[in-house]
Amino acid sequence: MDVKPSAKSALKRIALAVCLGLGLHTATAAPKLDFSSEYNAGSIHVEGDTFFIEQVEALAGDEVKITLHLGGSLGYKSPDHFYAVADNAVQIADTLAGFFGGVDPILLLSSLPFVVSDVDEAKALYEIARPHYEQVFADNEQILLYASPWPPTGIWAKKPIVSADSLRNLKIRTFDRTGTQVFKEAGAASISLAWGDVVPQLATGGIEAVLTFADLGAAASFWEQQSDFSGVQYAIPLNMVHMNREAFESLSDAAQAAILEAARRTEARNWETVRTRVAGNYETLAAHQVAIHDPIPDDFRAFLGQASEPAIREWLDGTGERGAAVMTGFEAWKAQR
């Protein structure tokens, strides 16, 4: 049946109204940003990232919508994050800085072994080095939003790791090339793995031990496969939350201001949170019958320190004047402490 002209006009008016309505909705809808994390719920950094998003929502209202994706569910592992964010495949990511050592060795700084001895030193080192970190991200179309520390690094294993002999030929996962180098120097069979590969490798026997944090192992229920945690105090590494610059600059002024203020608040919160995290982690481990070895013997600490010296020299060579300036500033800070 033919449609009369008057009916056709009415249909056109309805269609136009629908299109305008959809256009208006699209124009006013809050921009949606994807935030990628390889970690599990309950880990210290997921808690911090959740706090960040809550702060953005409180400050920006409907100006922007951020969705946090855990466990690498977007298909990106931590080593993928740098270029995924640079290409705007994902807008924000939370990543252990050491995975970006291949981009620029300055990003290995926080995971250098036995450089810092407590959270105050780790924070001072970060503040001294932050301009260099920011420059690396800026050179790659990104913004460093905030950096947050892990608790001191230890070793999960099926035995106490408290001597040079206990490390010999141990198949241990490390989280960056510096750690791999240090533990090979110490006699272990070390390999760098992204977090998402750790549990499968433990299950199949590909690795026997894991250089990581009591916190992260607890979040992943490591006690189901590992019986001991040795608090070697290897380092206090940083995770960095970085954002695609184009995605940031496309937001409204209000949304940009909210993100930067939320980042400032989150960074301050996370540095305070880590100070009490170890005690809570150790309580959790003890409740699951994990044997805790902390502190480790002085001779073992000295042995690990010697094994780390070649990696630190290599880092200084690779970073040149920047690395030397950071270390000089850090030593000056410690002298005035």
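This report walks through the aromatic pairs, nonpolar cores and salt bridges of the structure above.

## Ground rules

This is a predicted model, so to speak of local features we need pLDDT of at least 70, and side-chain atom pairs count only at pLDDT 80 or more, while totals for chains, interfaces and linings use all residues. Residues are numbered from 1 along each chain as its sequence is written, and side-chain values use heavy atoms, leaving out hydrogens and water.

## Rings that pair up

Let's start with the aromatics. Rings of Phe, Tyr and Trp (its six-membered ring) pair if their centres lie within 6.5 Å; planes under 30 degrees apart are stacked, over 60 edge-to-face, and the rest tilted. That gives 20 aromatic pairs. Take Trp156 and Phe222: their ring centres are 5.3 Å apart with planes at 85°, so they sit edge-to-face. Trp156 belongs to strand β5 and Phe222 to the loop between α8 and β9, so this pair ties together parts 66 residues apart in sequence. (Helices, H or I of at least four residues, and strands, E of at least two, are DSSP runs numbered from the N terminus.) Trp156 is buried at 0% relative accessible area, and Phe222 is buried too, at 3%. Here buried means under 20%, exposed over 50%, and partly exposed in between, with a 1.4 Å probe and protein chains only.

Phe175 and Phe213 make a stacked pair, with centres 6.1 Å apart and planes at 20°. Both also belong to a cluster linked by ring pairs, along with Tyr39, Phe114, Trp150, Phe183 and Tyr234.

## The nonpolar cores

What about the inside? A nonpolar core is a set of buried Ala, Val, Leu, Ile, Met, Phe, Trp, Tyr and Cys residues joined through side-chain atoms within 4.5 Å. The largest one has 75 residues, and Leu109, Tyr133, Leu167, Phe183 and Met240 touch the most other members. Helix α11 gives this core its largest share, nine residues. Another core lies apart from it, with 22 residues including Ala60 and Val241.

## Salt bridges

A salt bridge needs a side-chain nitrogen of Lys or Arg within 4 Å of a carboxyl oxygen of Asp or Glu. The count comes to 17. In one of them, Asp197 meets Lys77, with the closest N and O atoms 2.5 Å apart. Each partner lies in a loop, and the pair ties together parts 120 residues apart in sequence. Asp197 is partly exposed at 23%, as is Lys77 at 35%.

Glu331 and Lys334 also form a salt bridge, at 3.3 Å from N to O. They are three residues apart in helix α11, so about one helical turn separates them.
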